[in-house]
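Visitor: Hi! Could you walk me through a few spots in this protein?
Guide: Happy to. Let's bring it up on the screen.
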Amino acid sequence: MVGKVIEVPGELAASQEKFNGEAGRAFVADLPRRAGEFLGRWELRVDGPAMNGVAALVLPVVRADGSGAALKLQLPDEESAGEPVALRTWGGDGAVRLLEHDEPTGTLLLERLDESRMLTAVPDAREAVLVIAGLLARLTSVPAPAGLRRLGDVARAMLDRVPRALGRVPDPADRRLVADCAAAVREVVAEPGDRLLHWDLHYENVLAAGRAPWLAIDPKPLAGDPGFDLLPAICNRYDPAGTRWRFDALTDVLGLDRERARAWSLGRVLQNRLWETEAGRPLEGVQLEIGRELRGG
(Lines give C-alpha, C1' and ligand atoms only; values in the text may rest on other atoms or scores of the structure.)
Protein backbone atom coordinates (compact mmCIF):
# COMPACT_ATOMS: atom_id res chain seq x y z
CA MET A 1 0.00 0.00 0.00
CA VAL A 2 2.80 2.38 0.88
CA GLY A 3 4.37 1.74 -2.51
CA LYS A 4 1.29 3.29 -4.15
CA VAL A 5 1.57 6.39 -1.96
CA ILE A 6 5.32 7.02 -2.25
CA GLU A 7 6.54 7.56 -5.81
CA VAL A 8 10.29 7.87 -6.27
CA PRO A 9 11.14 10.73 -8.66
CA GLY A 10 12.97 9.65 -11.78
CA GLU A 11 15.67 12.29 -11.23
CA LEU A 12 16.57 10.76 -7.87
CA ALA A 13 16.70 7.26 -9.32
CA ALA A 14 18.97 8.48 -12.12
CA SER A 15 21.36 10.32 -9.79
CA GLN A 16 21.59 7.33 -7.44
CA GLU A 17 22.35 5.08 -10.41
CA LYS A 18 25.01 7.50 -11.63
CA PHE A 19 26.81 8.14 -8.36
CA ASN A 20 26.20 5.00 -6.28
CA GLY A 21 25.64 2.19 -8.76
CA GLU A 22 24.24 -1.00 -7.25
CA ALA A 23 23.96 0.54 -3.77
CA GLY A 24 21.98 3.42 -5.24
CA ARG A 25 19.63 1.09 -7.12
CA ALA A 26 19.02 -0.89 -3.93
CA PHE A 27 18.35 2.31 -1.99
CA VAL A 28 15.80 3.51 -4.55
CA ALA A 29 14.08 0.12 -4.68
CA ASP A 30 13.77 0.12 -0.89
CA LEU A 31 12.50 3.69 -0.56
CA PRO A 32 8.76 2.89 -0.51
CA ARG A 33 9.25 0.32 2.24
CA ARG A 34 11.56 2.58 4.22
CA ALA A 35 9.18 5.52 3.93
CA GLY A 36 6.34 3.36 5.19
CA GLU A 37 8.47 2.20 8.13
CA PHE A 38 9.21 5.72 9.33
CA LEU A 39 5.77 7.08 8.63
CA GLY A 40 4.53 4.44 11.02
CA ARG A 41 7.33 4.62 13.57
CA TRP A 42 7.13 8.38 13.98
CA GLU A 43 3.34 8.62 13.47
CA LEU A 44 3.47 10.75 10.35
CA ARG A 45 1.05 11.46 7.53
CA VAL A 46 2.22 12.52 4.06
CA ASP A 47 1.06 16.05 3.36
CA GLY A 48 2.12 16.81 -0.20
CA PRO A 49 4.21 15.70 -3.18
CA ALA A 50 7.68 14.27 -2.68
CA MET A 51 10.70 16.48 -3.21
CA ASN A 52 14.24 15.44 -4.02
CA GLY A 53 17.76 16.60 -4.56
CA VAL A 54 20.64 14.60 -5.97
CA ALA A 55 20.87 12.29 -2.97
CA ALA A 56 17.71 12.34 -0.85
CA LEU A 57 13.93 11.99 -0.98
CA VAL A 58 12.03 14.48 1.21
CA LEU A 59 8.38 14.00 2.13
CA PRO A 60 6.32 16.83 3.62
CA VAL A 61 4.50 15.27 6.57
CA VAL A 62 2.21 16.06 9.49
CA ARG A 63 3.04 14.74 12.96
CA ALA A 64 0.57 13.25 15.43
CA ASP A 65 0.27 16.63 17.20
CA GLY A 66 -0.71 18.34 13.93
CA SER A 67 2.59 20.13 13.38
CA GLY A 68 4.32 20.05 10.01
CA ALA A 69 7.67 18.37 9.44
CA ALA A 70 9.83 16.97 6.64
CA LEU A 71 10.92 13.32 6.41
CA LYS A 72 14.33 13.03 4.73
CA LEU A 73 15.34 9.60 3.40
CA GLN A 74 18.89 9.19 2.18
CA LEU A 75 21.64 6.68 1.57
CA PRO A 76 24.07 6.82 4.52
CA ASP A 77 27.58 7.96 3.66
CA GLU A 78 30.38 10.05 5.15
CA GLU A 79 28.59 13.32 4.45
CA SER A 80 25.12 12.35 5.66
CA ALA A 81 26.58 10.85 8.85
CA GLY A 82 27.69 14.33 9.92
CA GLU A 83 24.36 16.05 9.17
CA PRO A 84 22.51 15.17 12.41
CA VAL A 85 25.62 15.96 14.45
CA ALA A 86 25.80 19.46 12.95
CA LEU A 87 22.07 20.11 13.24
CA ARG A 88 22.05 19.10 16.91
CA THR A 89 25.04 21.34 17.57
CA TRP A 90 23.38 24.35 15.96
CA GLY A 91 20.10 23.62 17.74
CA GLY A 92 18.07 25.63 15.25
CA ASP A 93 20.27 28.75 15.41
CA GLY A 94 20.62 29.60 11.74
CA ALA A 95 19.67 26.11 10.54
CA VAL A 96 16.66 23.82 10.32
CA ARG A 97 15.87 21.95 13.55
CA LEU A 98 16.39 18.20 13.80
CA LEU A 99 13.36 16.48 15.37
CA GLU A 100 14.21 12.77 15.03
CA HIS A 101 17.11 10.72 13.67
CA ASP A 102 17.62 7.05 12.87
CA GLU A 103 21.35 6.41 12.76
CA PRO A 104 21.45 3.05 10.89
CA THR A 105 19.52 4.38 7.89
CA GLY A 106 20.45 8.08 8.12
CA THR A 107 16.74 8.98 8.09
CA LEU A 108 15.93 12.43 9.51
CA LEU A 109 12.75 14.13 10.64
CA LEU A 110 13.22 17.85 10.24
CA GLU A 111 11.40 21.04 11.04
CA ARG A 112 9.11 22.05 8.17
CA LEU A 113 10.32 25.14 6.33
CA ASP A 114 8.77 26.92 3.36
CA GLU A 115 10.08 24.87 0.44
CA SER A 116 8.40 27.27 -2.00
CA ARG A 117 10.67 30.17 -0.94
CA MET A 118 14.36 29.61 -1.60
CA LEU A 119 16.97 32.34 -1.43
CA THR A 120 17.20 32.07 -5.23
CA ALA A 121 13.93 34.04 -5.35
CA VAL A 122 15.48 37.16 -3.81
CA PRO A 123 15.96 39.47 -6.80
CA ASP A 124 18.87 41.46 -5.38
CA ALA A 125 21.97 39.25 -5.58
CA ARG A 126 23.86 41.41 -3.08
CA GLU A 127 21.06 41.07 -0.56
CA ALA A 128 21.19 37.29 -1.04
CA VAL A 129 24.95 37.25 -0.44
CA LEU A 130 24.47 39.16 2.81
CA VAL A 131 21.82 36.66 3.91
CA ILE A 132 24.31 33.82 3.43
CA ALA A 133 27.02 35.84 5.16
CA GLY A 134 24.78 36.32 8.19
CA LEU A 135 23.91 32.63 8.34
CA LEU A 136 27.55 31.59 7.99
CA ALA A 137 28.56 33.98 10.75
CA ARG A 138 26.16 32.18 13.10
CA LEU A 139 26.84 28.64 11.91
CA THR A 140 30.64 28.92 12.01
CA SER A 141 30.69 30.69 15.39
CA VAL A 142 30.64 27.35 17.25
CA PRO A 143 33.45 24.79 17.58
CA ALA A 144 32.95 21.61 15.58
CA PRO A 145 32.03 18.59 17.72
CA ALA A 146 34.30 15.59 17.79
CA GLY A 147 34.04 12.95 15.08
CA LEU A 148 33.42 15.12 12.02
CA ARG A 149 35.59 15.13 8.93
CA ARG A 150 38.43 17.61 9.37
CA LEU A 151 39.46 20.18 6.81
CA GLY A 152 43.13 19.53 7.51
CA ASP A 153 42.74 15.91 6.43
CA VAL A 154 40.71 16.93 3.36
CA ALA A 155 43.31 19.53 2.37
CA ARG A 156 46.29 17.19 2.74
CA ALA A 157 44.52 14.57 0.66
CA MET A 158 43.86 17.19 -2.04
CA LEU A 159 47.53 18.20 -2.14
CA ASP A 160 48.53 14.57 -2.58
CA ARG A 161 46.30 14.37 -5.68
CA VAL A 162 47.57 17.56 -7.33
CA PRO A 163 50.65 16.18 -9.19
CA ARG A 164 48.59 13.55 -11.01
CA ALA A 165 45.79 16.02 -11.75
CA LEU A 166 48.20 18.57 -13.24
CA GLY A 167 49.22 16.03 -15.84
CA ARG A 168 45.61 15.80 -17.00
CA VAL A 169 44.97 19.54 -17.47
CA PRO A 170 45.97 20.41 -21.05
CA ASP A 171 45.60 24.20 -20.94
CA PRO A 172 48.73 25.91 -19.52
CA ALA A 173 46.76 28.77 -17.92
CA ASP A 174 44.35 26.37 -16.22
CA ARG A 175 47.24 24.18 -15.11
CA ARG A 176 48.96 27.22 -13.60
CA LEU A 177 45.80 28.14 -11.70
CA VAL A 178 45.54 24.63 -10.21
CA ALA A 179 49.17 24.86 -9.14
CA ASP A 180 48.61 28.31 -7.60
CA CYS A 181 45.55 27.08 -5.70
CA ALA A 182 47.60 24.21 -4.32
CA ALA A 183 50.36 26.63 -3.29
CA ALA A 184 47.81 28.76 -1.42
CA VAL A 185 46.53 25.70 0.45
CA ARG A 186 50.06 24.71 1.44
CA GLU A 187 50.42 28.08 3.17
CA VAL A 188 47.47 27.43 5.51
CA VAL A 189 47.15 23.65 5.78
CA ALA A 190 49.06 23.54 9.07
CA GLU A 191 46.31 25.67 10.68
CA PRO A 192 43.04 24.30 9.23
CA GLY A 193 40.71 25.69 11.92
CA ASP A 194 38.17 24.09 14.22
CA ARG A 195 34.83 25.78 13.47
CA LEU A 196 31.69 23.90 12.41
CA LEU A 197 31.35 24.42 8.65
CA HIS A 198 28.23 23.88 6.54
CA TRP A 199 30.35 23.31 3.39
CA ASP A 200 27.41 23.52 0.94
CA LEU A 201 25.57 26.78 1.69
CA HIS A 202 24.41 27.73 -1.79
CA TYR A 203 21.18 29.62 -2.45
CA GLU A 204 18.99 26.53 -2.85
CA ASN A 205 20.07 25.36 0.61
CA VAL A 206 18.55 28.45 2.25
CA LEU A 207 14.78 28.39 2.85
CA ALA A 208 12.34 30.81 4.42
CA ALA A 209 10.79 29.86 7.75
CA GLY A 210 8.07 31.06 10.09
CA ARG A 211 10.41 31.56 13.07
CA ALA A 212 13.23 33.22 11.09
CA PRO A 213 13.50 34.97 7.73
CA TRP A 214 15.97 32.37 6.40
CA LEU A 215 17.45 29.08 7.63
CA ALA A 216 20.12 26.75 6.25
CA ILE A 217 19.40 23.15 5.27
CA ASP A 218 21.37 20.12 4.06
CA PRO A 219 24.80 20.63 5.66
CA LYS A 220 27.73 18.45 4.70
CA PRO A 221 29.75 19.43 7.75
CA LEU A 222 33.46 19.77 8.26
CA ALA A 223 35.60 20.99 11.12
CA GLY A 224 37.75 23.79 9.79
CA ASP A 225 38.33 27.39 8.76
CA PRO A 226 35.22 29.42 7.78
CA GLY A 227 37.06 30.67 4.68
CA PHE A 228 36.40 27.26 3.13
CA ASP A 229 32.65 28.01 3.26
CA LEU A 230 32.61 31.18 1.12
CA LEU A 231 32.82 29.97 -2.48
CA PRO A 232 29.17 28.96 -3.09
CA ALA A 233 27.98 32.48 -2.22
CA ILE A 234 30.49 33.91 -4.72
CA CYS A 235 29.64 31.43 -7.50
CA ASN A 236 25.83 31.37 -7.34
CA ARG A 237 24.15 33.88 -9.65
CA TYR A 238 27.64 34.78 -10.73
CA ASP A 239 28.47 38.38 -11.56
CA PRO A 240 32.07 38.88 -12.77
CA ALA A 241 32.03 42.50 -11.61
CA GLY A 242 30.85 41.46 -8.17
CA THR A 243 33.47 38.87 -7.22
CA ARG A 244 35.59 41.21 -5.14
CA TRP A 245 32.54 42.84 -3.51
CA ARG A 246 31.12 39.46 -2.53
CA PHE A 247 34.41 38.25 -1.10
CA ASP A 248 34.90 41.47 0.88
CA ALA A 249 31.31 41.43 2.16
CA LEU A 250 31.55 37.82 3.31
CA THR A 251 34.88 38.29 5.06
CA ASP A 252 33.64 41.51 6.70
CA VAL A 253 30.47 39.94 8.09
CA LEU A 254 32.30 36.82 9.30
CA GLY A 255 35.24 38.82 10.65
CA LEU A 256 37.80 36.75 8.74
CA ASP A 257 41.42 37.44 7.94
CA ARG A 258 41.29 38.14 4.21
CA GLU A 259 44.52 36.37 3.28
CA ARG A 260 43.54 33.17 5.07
CA ALA A 261 40.03 33.36 3.61
CA ARG A 262 41.51 33.89 0.14
CA ALA A 263 43.75 30.84 0.54
CA TRP A 264 40.91 28.60 1.73
CA SER A 265 38.61 29.88 -1.03
CA LEU A 266 41.29 28.93 -3.55
CA GLY A 267 41.38 25.57 -1.76
CA ARG A 268 37.69 25.17 -2.48
CA VAL A 269 38.33 25.97 -6.15
CA LEU A 270 41.07 23.33 -6.08
CA GLN A 271 38.73 20.74 -4.54
CA ASN A 272 36.17 21.25 -7.31
CA ARG A 273 38.84 21.22 -10.02
CA LEU A 274 40.24 17.93 -8.75
CA TRP A 275 36.79 16.33 -8.79
CA GLU A 276 36.13 17.46 -12.36
CA THR A 277 39.57 16.54 -13.64
CA GLU A 278 39.42 13.07 -12.10
CA ALA A 279 35.95 12.56 -13.60
CA GLY A 280 37.22 13.56 -17.04
CA ARG A 281 35.09 16.69 -17.19
CA PRO A 282 36.35 20.08 -18.45
CA LEU A 283 37.21 22.73 -15.91
CA GLU A 284 34.15 24.90 -15.18
CA GLY A 285 34.53 28.48 -16.38
CA VAL A 286 32.92 30.42 -13.53
CA GLN A 287 35.11 28.94 -10.83
CA LEU A 288 38.22 29.34 -12.99
CA GLU A 289 37.39 33.02 -13.34
CA ILE A 290 36.78 33.38 -9.60
CA GLY A 291 40.03 31.56 -8.88
CA ARG A 292 41.97 33.93 -11.13
CA GLU A 293 40.37 36.95 -9.48
CA LEU A 294 41.10 35.72 -5.95
CA ARG A 295 44.62 34.62 -6.92
CA GLY A 296 45.32 38.26 -7.78
CA GLY A 297 45.20 39.07 -4.04
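Visitor: Is the crossing in which H6 passes H10 left-handed or right-handed?
Guide: H6 passes H10 in a left-handed crossing. Keep in mind that this is a predicted model.
Visitor: Where are those two helices, and at what angle do they cross?
Guide: Helix H6 covers residues 172-188 and helix H10 covers residues 285-295. Their axes come within 10 Å and cross at roughly 60°, so the two helices are oblique to each other.
Visitor: Which residues meet there?
Guide: From H6 there are Ala173, Asp174, Arg176, Leu177 and Asp180, and they meet Leu288, Gly291, Arg292 and Arg295 of H10. Sorted by kind, the residues of this contact are five charged, three nonpolar and one polar.
Visitor: New topic! Where does Asp102 sit, and is Asp102 buried or exposed?
Guide: Asp102 is in strand S5, residues 98-102. Its relative accessible area is 10%, and buried means under 20%, so Asp102 is buried.
Visitor: What does its side chain join up with?
Guide: The side chains of Asp102 and Arg41 are joined by a polar contact of 2.9 Å. Beyond its neighbours within four places in sequence, Asp102 is in contact with Phe38, Arg41, Trp42 and Thr107.
Visitor: And Phe38, where is that one?
Guide: Phe38 lies in helix H2, residues 10-41. Phe38 counts as buried because its relative accessibility is 0%.
Visitor: What does Phe38 touch?
Guide: Leaving out residues up to four places away in sequence, Phe38 touches several residues, including Leu71, Leu73, Asp102 and Thr105. Phe38 and Leu71 are 33 residues apart along the chain, and 8.3 Å separates their C-alpha atoms.

How values were computed
Residues numbered from 1 in each chain as written. Predicted model: local features only at pLDDT ≥ 70, side-chain atom pairs only at ≥ 80, totals over all residues. Heavy atoms only, no water. Helix = DSSP H or I, 4+ residues; strand = E, 2+ residues; numbered from the N terminus. Buried < 20%, exposed > 50% of the residue type's maximum accessible area, 1.4 Å probe, protein only. Polar contact = N/O pair within 3.5 Å; in protein donor to acceptor, adjacent residues only side chain to side chain. Contact = heavy atoms within 4.5 Å. Axes fitted to C-alpha atoms, helices over the stretch in contact; angles between N-to-C directions. Parallel < 35°, antiparallel > 145°, perpendicular 65-115°, else oblique. Left-handed = near helix turned anticlockwise from the far one by under 90°. Nonpolar A, V, L, I, M, F, W, Y, C, P; charged D, E, K, R; others polar.
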